[in-house]
Each structure stands twice: as C-alpha cells, then as structure tokens.
Amino acid sequence: MLKTAFQKGLFFALCLSLPLASAQTQAAQTNGQSSLAAVASDFVRQIIARAGPFSAASISFQNISVLPPDLQETVQNAIFTGFRNAGIRIANSDPAPAHVDITFSEDWQGYLWIATVQQNGRKKVVMQKVPRPEHAVAARAPMLTIRKDTVWQQDSPILDFFEDSHTLALLEPDQVSIYSRDSGQWRLRYELGITHTHPWPRDLRGRLQINGLQVTVFLPGTRCNGSMSPPALDCHGSDDPWPVDEGNVVAFYSPRRNFFTGLLSGPSAGASVVPFFSAAAWQTGDTHQWLFSGTDGRTRLYQYDLSAPAAIFNGWGSNMAAVHSSCGSGWQALVSAPNDSVKADQVQAVEVLGREALPVSATIDLAGTVQALWTAGKNSEVVNGVLQSPATGKYEAFTLSVNCSR
Amino acid sequence: MKLLRFPSIAAVSLLLALAATAGASSRPRYGGTVRILLQERFNSLDPLADDDHPAARDRVAALLFDTLTEMDAQGRVHPRLASSWRAEQGDRVWYFNLRLANFQDGTVVTAPDVVASLTRKSQGWTVTALDQQTVRIEVPAAIPYMPELLALRRFSIVKRNSDNTLVGSGPYRLAEWQPGQRVLLSANDDYWGGRPYPDSIEFQMGASLRDQLLERQLGPYSAADLTVDQLRSLEQSNQSLQLSRPSDLLVLLFLHPDLPAAGSRSARKPVDPRVREALSDAINRDAINNVILQKRGTPATGILPQWLTGYEFLLPGGMNLARAKELRAEAAGLVIIHPIALAYDYSDPMAKLVAERIAVDAREAGIVMQPYGEPHVGNSSARAGMDADAVLVRLPLESLQPAVALAAALDDMGLADPASAPLNATRLEDVFELEGKALQDFRVIPIAHVPQAMWLNSTVHNWLESPNGAWSLDQLWTEGGR
C-alpha cells in the first residue's frame, strides 16, 4: 500500500516537475548569457585601459576551457560590440595597429579570460577572472513527501534553533542570537553570551529550548538558563540530561564527546541503551517505539520497552529524528545517509512496520552536510535541521516536514 | 509472528537505497589509532628547519604546531590561532588578534611567542607584540595576501625551550619520536578546537608499499602515501585511492647563478644559459608524463600548474629539438661545454627514471648529463654545498593562492628576490609576469606537475585533502574506536 502510494506520488511529481525544470533551465541559461555578456564588455574596457589606446585591432579567439560554444559565441559578440562601441575598428587582417589574442581559459574555481595585446612590438597581458554561471539544476523528481524550508543562513555555526511567528532564536557555540520579525524580515534584537570553562569538543552539538520567554540551552558539560525578556543567560557546568525530542526521549550527553552516553532520563529514567548519536521515539496506540543510532554505526529498534532491541539496521546515517504527520502510520523517522562529511547529504523518510523499516519517501538532496536534526514543533510535526554547505561554508537552518497530501 | 527476521528485505532495500546515495551524515566516532605509512623519511619535526623531505615533515608538523591562519579546500582563509586580523596602510601593517589557546605544556600562547616564531622566518619584517594577545607585523612593501601567507607551515607557531625541545599548540602531542623511522602522536585533550577524534596517529616512515602489498600487511594501516607508478596495480584490485590535482612541481634547478654570490666558494661554474635553454628545448615532457608518470601528471612549462592559475599555457615551453641543437652549437662556439652533473633524490625511484630520461633527451641535443642519486636533494641548505650543477627536485604546491604559492616555490628553490616578490603582486597579471621572469634565464626548468596519491583503508573516514594534496585531518576518525 505504501509502496503504491510512493510510486503514484513519484509519477505525479515527475509530471509536474518536468515542464517546471525545463522553464528553469531556460531562464538560467538566459541569465548566464546576459551576465557573461556584461562581463565581456567590462573585459574590453580593461583591455583598452591597460593595453590601449589603439584605433584598430585584429582579434582572434581561442577556447581552452569548458565554456560551451553557444556561450562562447555570445561572449565573442559582446567583445566585438565592446570594441566597436569604444570606437575601435575591427580589422580582419594583420596589418592592423594592434592584435588582440583572446583566450578563454579557466582555473579550478572559474573562467579566466586572457587578452594578449601586441602593438608596436610591445606585448601586454590582461586577465579577468569570471565566475562560472550557476548550472541550471534539473528539478529532481520530488515526492512531495518531505518538504524542506530554509529558515536562516549565516557564516558562523548553528547548533539548534527555535522559530515561531514572532521569534527566531539561534543557538551558536558562544551565544544565543534572538531575532524578531520586523516588516517581514528577521532583525537581530540581542545576543545572549554563553560561557564555558573547557574547550568545546569537535563536532559540537547543542539543544535550545524556548518556553514562553524562558530560554534553556544544553551544551556538552554545560547548561544555561535565562530569559528573552529581560535578556539574560546564566551558564554553569552541568551534566543534566538533554531533551532529545519533544519529551519522549531525555538522555545524558557525554561532556567531552559528540554522543549521548546511552543512559536515559525522563519517561525512561533508569533505562540504558548503547551510546548513540540520535534517537527517534513515538507512540502509536499502546505501542512505544524507539530508534537509536548507535555510535557503533548500527541503528537499533526497540518496541514496547528498552530491554532488548527488536531489530538492528546497518547502513543508516547518524542523524535521525521522528516526525508526526497525517499520512501512513502517522509517524516517520527522517534518516540521513551514511557517508563521510565530504559531499552533500540526503535525507529519507522511513516507517517502521512490525520489525521492518520501509523507505516511504524519495531521498531529498540537501545542499550540504547535515549537522543536526532535532524533532520540533508543538506536536512534533517538523524536524529542525542544520546543514553546512561545502561550497560556501555557510550554515543553514531549515525545517523538514512530511506532506502526504499530493 | 516472525521473530528476529533481519536483515529483512525491506531493511536491506533501505540499506541499499541509502548506501547508493553519496550522503554525508556519519557522525565522527572517538578513539582508535590511525596508522599511516609514509614513503619519505625526515629527521626533524621542526617546521622551520631544513630537511631532506620537508613536505612529508610538514604533514606531520601540521598536527603538532598551529599556524595563525589556515586555508580550506576552496582556497578561503580561516582563523586558526589568530581569531581575527586587519590591515592598515595599504596592507603594509597587519594586526593579528590571538585566541585563547594553550601550548601542549599548558602555558598560554601569547603574542611574544608568536613574535619569536615569526621573526625566525620573516626577513625584513618588523614583528612586535602590542600586548599579550595582539601581534603587529610591518612589512617594507604591501602584502595583500598576508593571512594566506601565514597559513604556510613555515610560519608555524613553535615554542622553543632552552633544552632545544619544541612545543606546539596543535591538536596532537608528540608521544614518541624516532627520527627517520616513526612518529607517534597522541590526542591533545585540551586543544582549543576540541580534542581530535582518534586517540593517536602513528606515522611509519620509509615503508615500501610494494613490500607491504606483497606481504598483504596493509590491513592494520589506515592510509599510505603512494607514488603514481603504484596506482595502477592498486586500482586493479579495487583499493580506495585518493588523487590530488597535479600540483607538485618536478623541476630541474641549476644551482649556480650566472653571477656567483659574494663569498661563494663553489668549485663548479654556472652552466651556460644557452645550454640551459637548449636543455629545456630538448626535454620531451610529454614522454615523461605519458610513460614514467603514467599520464597522471601534466607536462609543465610553468612553476604553478594551469589548473591553479589558468595562464600556464602562455609560458613558453615544449620540445624543440632543432632549436636545442642550434643553441648548443652556438654555445659550443663560445664556451667549453662540460658534462652536467644532475643530482636526484636517491630514495625516489621515479626521480631516478625522470633524471635518466632527461639525460637521454639531452644527449639528442648533444648535451652530456650525468645523473646520480643524492640523499639531500630536497634540503635547500645542503644543496648549496652539493657537487652538482643541477638537481631534480619535487616541490609541493604550498598554497592555493597563486601569489603565495609562487613566493613559496621561489623561496624553496633559493630564488626569492625581495625586489620582485610575488607577495607584493595585487593582480594575477603581476604574478604571471613575475613567474615568467623567474623562468627566463632557464635556471628553473619545469618538467611536470605531479599529483599526490594516497591509499585509504575503508575503516578511515573524513580523510580530506585540498586540491593541492594538503591534508586536512580535523574531522578524521577511524572505526574500531570507542
């Protein structure tokens, strides 16, 4: 049943996405051409300024880059136009006062256009770096089951965040930044500093809880309590357990590492499981279920109680969070893929049926490495995530939700 | 009820679906020892000292000693020991603010420590401590890429004790050190950037991978550096290999300048510039790349590779045997042409093959070359006293910033000229011009750009390399830890 719904959804999404993708590609190509033409005009101005003046020039072109022929033609035409507009006659034969040899080269980061100007026995080289236009990404067939919304982007790390209609709070390694909505934009109101005695461990993780005006921060070996009004935050050494989700799992976190020790608190106080990176827990009817992503690379499924795993899954990523939805069994686990932090990441929704785990969505591509996935929202209906883009180095806070309406 | 029926088909399908996608979400795990085989031997860990294999030494030193800044794989500069910086007077005066960090002996890294380190390697700079956390650097001419420059290993911050021991502030401490043999590093629990994931990293030097492969002994190792001729057999056996862009420069360097330096007592005279040019024209770089380097590198006409600058193709080069013969004949009419003694690194079989191939090409143009193996070819101080006309050396590409990379390469070759320093270049055209100038008298004859290659065990994760082959092991972790 789920598989059928999955396939129908995929087909429908494909039909919807193809014309859209085509239109996006065309628009991107047009933008790329016009931006390169503008750069070409600027390049001509630089050539004339640094190697001129000359009244006429013969011009030759060479392309040793991946600049495609259609874009090359656009650029060449823009260069000819630039010279003509500057009052320089384009000569077809060599007796011209100047010869401009233009090479479309490239380095590892983008295009490099080089003009070698020979005039009166002198040679002058002019170079211009040109960013490669963004490739039009063909829209990947979204299942429309996992929806991703970007909340915020910044250069510095984000560990966790809270968002409602009025407030955006970002947990960063050394502060909590509070933003309020102003004319549709988030404006920084204040920053609450975090103090800590030991260096933070690598792969720093943290939890941010906002309850009304009350702010609670959980960091390795540190807990901070404070308020948004009046703005205050008091941090102290603490091994208090962290909320892993919206109340189902509370667990002790290693003060000098990047994982939960396995000792649980809250509703499962006294129970222990293997050390884990992330957990997802939910209740359907009378059945409690837990998934723990162990530091040994295995994900363990517990049902009813935490005495022994009902199933063990290999090959899952370390990041996982439960999300409540209106489809399927009503609960899914959003699971990251299992590779190293060198490429962009992917997330997939999984449902547990009996002792089996079934993928119930297409994977969605994220433009970076997942740093955090935490269940959030009043009814656990969203997952708050943070990723870091390998291309830009920027951190992005985003939400994921599961939508079964299409 | 089906009990313990796992892995179920569904679970397996999920596993396959997840595994088939190149994701990035295995959180690092702590513990374990990462064992690395290095082909080259080094006898000092001091990043400011000369060594026969400084590039291999610097890879280890990077784990012991911090720099003020660092460059990432995208070429962006980031804070390291310096938390921030600013420039004044048109990039002639720089201020670096230090973060709160400790040396591995527990003492705080202070501005005077940084001054003491930088002063050793920065001729002509005025480096002063404004207070305990602020360093001021004044240079005679503007250096727009100062933060990128200070990311070079030669600007590591090293505390020197009175008993000549060195202390760093890096992520690992020195646990055991047998010069030329083995280094054992242990995780620095108090590192300002957080304790590294592995408990320790062990480097074994001078290990022959061929022997290891034959004896099937690679299992306990996490990584091994390779020469390009070792790649094919490992590729055929489906091993995990990592190859950088062709970044190292294999270069023929003539040791004696046309105008001997004051006080020079070298018995050898400089090789005539026409003969050097003839030799450059005679070398078949394509053949060296295709056969000896097995098409893994690129023939070089410049000091910096085309992929980094985009302009290497503009630099003259390439084989022209007819012109080589003409130049040789022209020189023979004016001077006596002696055989050219060419030294290569005797521990590098690939260097031997390249040197012998150059000698064969030279003979075609009527130039006699005598290649021989030397242990200290890579040591810039030792080269000064070497009984050779030229050396074949392999220089790493030390920066992804072209001006900094050119300055470092010229310094490594002993050709740094303060009057025309690439570091003062503001535009790429200026770097190109300076590179052309460095090549114009043919004391430097680029042969090939060669990639760096690593074999990696599947138990090792987050082994990151920059395009120039520089290691970035901040996120490294290994399976089998805690």
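1. In chain B, residues 24 or more positions apart account for 69% of the contacts with a separation of 6 or more. The model discussed in this note is a predicted one. Chain B contains 14 helices and 25 strands, and of its 482 residues 50% count as buried.

2. Chain A is built from two helices and 29 strands, and buried residues make up 41% of its 406 residues. Among the contacts in chain A between residues at least 6 apart in sequence, those that join residues at least 24 apart come to 49%.

3. The two chains touch through a contact that takes 45 residues from chain B and 52 residues from chain A. On the side of chain B that touches chain A, the elements that give two or more residues are helix H1 (9-19), helix H9 (306-309) and helix H14 (428-439) of chain B. The largest share of that side, seven residues, is supplied by H1(B). Sorted by class, the side of chain B that touches chain A holds 25 nonpolar, 13 polar and seven charged residues.

4. Helix H14 of chain B deserves a paragraph of its own. At 1.5 Å a residue, the 12 residues of H14(B) should span 16 Å, and the C-alpha atoms at its ends are 17 Å apart, which agrees. Within H14(B), the buried residues are B:Leu428, B:Val431, B:Phe432, B:Leu434, B:Glu435 and B:Ala438. These residues cover an arc of only 165 degrees around the axis, and therefore they lie on the same side of H14(B). As for what they meet, the buried residues of H14(B) pack against strand S5 (122-130) of chain A, together with helix H13 (402-412) and strand S20 (444-450) of chain B.

5. Helix H2 (residues 54-64) of chain B is mostly covered, with 11 of its 11 residues buried. The buried residues of H2(B) include charged side chains, B:Arg57, B:Asp58 and B:Arg59 being among them, as well as B:Val60, B:Leu63 and B:Leu64. What covers the buried residues of H2(B) includes strand S1 (33-38), strand S10 (172-178), strand S11 (182-187), strand S12 (200-205) and strand S24 (471-472) of chain B.

6. Strand S5 (residues 93-98) of chain B pairs with S7(B) in the antiparallel sense over five bridges, and B:Asn97 has B:Thr134 of S7(B) as its bridge partner. Strand S6 (residues 126-129) of chain B also pairs with S7(B) in the antiparallel sense, over four bridges, with B:Thr126 standing opposite B:Glu138. A hairpin through four residues joins S6(B) to S7(B).

7. In chain A, an open sheet of four strands has the order S11-S12-S13-S14, with antiparallel pairing. Its edge strands are strand S11 (207-211) and strand S14 (232-237) of chain A, each of which pairs on one side only, and the twist from one strand to the next averages 15 degrees. Strand S13 (residues 222-227) of chain A is joined to S14(A) by six bridges, and the two run antiparallel. Within this pairing, A:Asn225 has A:Asp234 of S14(A) as its bridge partner.

8. Leaving aside neighbours within four places in sequence, A:Asn63 is in contact with A:Gln72 and A:Phe104. The C-alpha atoms of A:Asn63 and A:Glu106 are separated by 9.5 Å, although these residues are 43 residues apart along the chain.

Notes:
Residues are numbered from 1 along each chain as its sequence is written. Chains are lettered from A and ligands numbered from 1 in the order in which they are written. This is a predicted model: local features need pLDDT of at least 70, side-chain atom pairs count only at pLDDT 80 or more; totals for chains, interfaces and linings use all residues. Two residues are in contact if their C-beta atoms, placed from the backbone, lie within 7 Å. The expected span of a helix is 1.5 Å times one less than its number of residues. A residue is buried if 20 or more other C-beta atoms lie within 10 Å of its own, exposed if 12 or fewer, and partly exposed in between; C-beta atoms are placed from the backbone. The arc is that of the directions from the helix axis to the C-beta atoms. Two strands pair if DSSP finds at least two bridges between them. Axes are lines fitted to C-alpha atoms, for helices over the stretch in contact, and angles run from 0 to 180 degrees between N-to-C directions.
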